[in-house]
2 protein chains.
Amino acid sequence: MVQATALPRNEEGIATALGVLKQRFGDRLQTGQAIREQHGHTTTWIANQAPDAVVFPESTEEVAQVMRICADHKVPVIPYGTGTSLEGHVNAPAGGVTVDLMRMDRILAVHPGDLDCVVQPGVTREALNTHLRDQGLFFPIDPGANASLGGMAATRASGTNAVRYGTMKDNVLSLEVVMPDGQVIRTGKRARKSSAGYDLTRLLVGSEGTLGLITELTLRLQGIPEAISSARCSFPTVDAACQAVMMTIQYGIPVARIELLDELSVKAANAYSHLGLPETPLLLLEFHGSEAGVAEQSETFGSIAEEFGGSDFAATTSTEERSRLWQARHDMYWASMGLRPGARGLSTDVCVPISRLAECVGATQARAAEMGLLAPIVGHVGDGNFHTLLLIDMENASEIAEADEFVGWLNDLAISMDGTCTGEHGIGQGKRPYLARELGPATKVMAAIKAALDPDNIMNPGKILS
Amino acid sequence: MVQATALPRNEEGIATALGVLKQRFGDRLQTGQAIREQHGHTTTWIANQAPDAVVFPESTEEVAQVMRICADHKVPVIPYGTGTSLEGHVNAPAGGVTVDLMRMDRILAVHPGDLDCVVQPGVTREALNTHLRDQGLFFPIDPGANASLGGMAATRASGTNAVRYGTMKDNVLSLEVVMPDGQVIRTGKRARKSSAGYDLTRLLVGSEGTLGLITELTLRLQGIPEAISSARCSFPTVDAACQAVMMTIQYGIPVARIELLDELSVKAANAYSHLGLPETPLLLLEFHGSEAGVAEQSETFGSIAEEFGGSDFAATTSTEERSRLWQARHDMYWASMGLRPGARGLSTDVCVPISRLAECVGATQARAAEMGLLAPIVGHVGDGNFHTLLLIDMENASEIAEADEFVGWLNDLAISMDGTCTGEHGIGQGKRPYLARELGPATKVMAAIKAALDPDNIMNPGKILS
């Protein structure tokens, strides 16, 4: 494990706040070691830094009470959803109180005429979509994990169909937020667009719980398309696949998903999901539209693919085949882990301009090979975002050091290509050194905003900013 | 004219800064009355508040110099593009220096493979689209006026095709900004998505020049669609038209534009553009896609329209007819003015959830009739945003007072319907009282951010926040 730096603890404040909270919340304040560690960070390679207590509020007012008590005693507050974030977002480097929001899991309203809904932060993506299905609606952001919507907003999540539907920043209409002083604000109304003042919605989306705690979200919804079809196509090289993606997007084909698996990922998927695909770079696609529309999209893509040496093109409107294909994509994490049982998977998350994608993926593969690292790649190529899953023996210090070097090299490469070290996972603890390299003086502006809104640095300290 | 409150002037600082600027910029610092007044606000009904000088920088470094000189002497800086904003955004209530950015009008790069471009703030929308045409690309935001892209970002502009392509917040990838202390920051890289820290891009888009001065924009582009078609359809009532719009959007028809003209607007358009249309509520539509796609969209819309009593449905793929139709829409301002020659047109800008739109438009028409105000309505109905153009005799104080009352009533109505007082024009000076009514305590968070980034309140003071 990699140890994140611990921050100074306010022992006296923590002790006092815990006493007050215990009185107020009774059994809904937990301090047992197991539950505290469960709420520290356990995914990927950052070591657990457990909070001093976990509280389970059931309303915005209760969250505000927790916040006011913690603010009074200058005690850190760490928001927690499903704990599926990947960069140490839920660790408690200065101790403090984790606010588990999963009891706030009500869908408060669905407005089909306005294509929006209002939910509490603990509603998961899948729960929302199950609820919406009968009304012919869906919420499009799909980060893979069945994450909470509050957490997805906090990390500015996206996923496989961002190429068509955007990221959380594009799909949150407004937020209710408990600010670090306990004040409850609403960042916007339910209108689909607004020019009313600073865009606090977008400032808070992606702020990783460092500026406030999201207690309610108004989300944009989409109508479930009349028809959905899938396609896959193998390519001789990653470069050829990327060229086909660029042409597809320039053509304005509104692909809903366009995902790349490199040779090694296809090999892993074949082994895990028995796909029997040629072990060369693969694109998986999904089209949404009318019956005629998806047929046309698929056909146009087929012609483009051919131009770039694509082979084994197969399209389908069968729900079963489609599910099988995308299940294989969703299982890629487990499939990749199968390449090296016992290893831990560490995911990178760079995103570069699409024109640099093939070059970036190629260099990544070459570097991994050179360093002897096993590192299958999957990519949201329509956005220029790809993940390398480094398979590392966490008992082996030199492997960890190599992985660390590799991650740093890749982040710097992406930044040098006018890209970012994180397309969708966020900065958390793990990527803080890269943020300054990527955005330079802009990080001082971020720090000024943080200091203005959270002068005592109690909202999820030690994340995003150093 | 309505007088905006003047703010205290820092006479000594202004005199000193002007001296230093004169030495540095020579003839590119102008202090003549005509040029100063031309850079104060003259549109709609807010009286002109001219700056003390206008400077014409030609580079980011020069803008930063102006900013540092003004910061040193605590002198207001007001950014200026084409001056087409509508709420007093370019007035100088505390005097100071207007920075005219129209000499920074270079298109610095176009990246067709990435569907983006990099421009200086003085490039206008039309200039950019003319430049892009040969490459099969376009920038979709169209607020009507041939505004500068810097100004469009600053006011979070949108317009007729936001329903499909979003607003400026969705189409700016990153910004270069001179901050109030003269520091130059870049808010992001050229990747299509990012989770790297606070979304300063979105914070600055719509900040109306109150947090910094935009000196460069990286913008998302679209491929020019293979086919474009237009349609128009008359409806018995505004309610029927709005019902058709809702159904169209729920169906997932990707309309590129869907605009409402009320009875009075159709009458004005008939008179001005000789359209010969039935004088009942009218929808104008535009579809973008493949040949088959636009035909299908148009046909599906036709069926929906019929369901809601639509008549005189006419679709066309002829470029000439399409231009004529949209020209009439773009000429609506002048057509409306023709209803009362000599009057001044004051535009409202409320935006409500679409399900409340018919009710809001109906109440607006009734109220205008009751007050005897001439007030044709056009609406970006796919977003729930509509403009009432009040035709007012500016020599008549009681008419002005009535118009003021009407605007306040309408803004409050929209807010009570979970909507906003401004869908796309911004707050400026004119809508400040409504911002607090709309967002309550969130405005304190905005004020805290403003104070943190601009402690001396020199960036476009007196706008957005009171």
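The model is a predicted one, and every value I quote is computed from it.

I will start with that hairpin, which is in chain B. Strand β5, residues 107-111, and strand β6, residues 116-119, run antiparallel and are joined by four bridges, and within this pairing B:His111 has B:Asp116 in β6(B) as its bridge partner. Four residues lie between the two strands of the hairpin, and one of the residues in the turn, B:Leu115, has a positive phi of about 50°.

Staying with chain B, let me turn to helix α10, residues 263-273, in which B:Leu264, B:Ser265, B:Val266, B:Ala268 and B:Ala269 are buried. What covers these buried residues of α10(B)? The cover includes the strands β13 (255-261), β14 (282-289) and β17 (377-380), together with the helices α12 (319-330) and α13 (332-337), of chain B. After α10(B) comes B:His274, and its phi is positive, near 50°.

Now to chain A, and to the sheet I would like you to look at there. It is an open sheet of four strands in the order β1-β2-β4-β3, and its pairing is mixed. Because β1 (29-30) and β3 (77-80) of chain A stand at the edges, each with a single partner strand, one side of each is left without a neighbour in the sheet.

Helix α3 of chain A, residues 60-72, lies across β2, β3 and β4 of chain A, and runs at about 170° to β4(A).

Finally, chain A as a whole, whose secondary structure comes to 17 helices and 18 strands. Its C-alpha trace spans about 65 × 55 × 40 Å along the principal axes. How does the radius of gyration of chain A stand against that of a compact globule? For 466 residues a compact globule would have a value near 23 Å, and chain A, with 22 Å, agrees with that. Of those 466 residues, 60% count as buried, and among contacts in chain A between residues at least 6 apart in sequence, 72% join residues at least 24 apart.

Methods:
Residues numbered from 1 in each chain as written. Chains lettered and ligands numbered in written order. Predicted model: local features only at pLDDT ≥ 70, side-chain atom pairs only at ≥ 80, totals over all residues. Pairing = 2+ DSSP bridges. Contact = placed C-beta atoms within 7 Å. Axes fitted to C-alpha atoms, helices over the stretch in contact; angles between N-to-C directions. Buried ≥ 20, exposed ≤ 12 C-beta atoms within 10 Å, placed from the backbone. Rg over C-alpha atoms; globule rule 2.2 N^0.38 Å.
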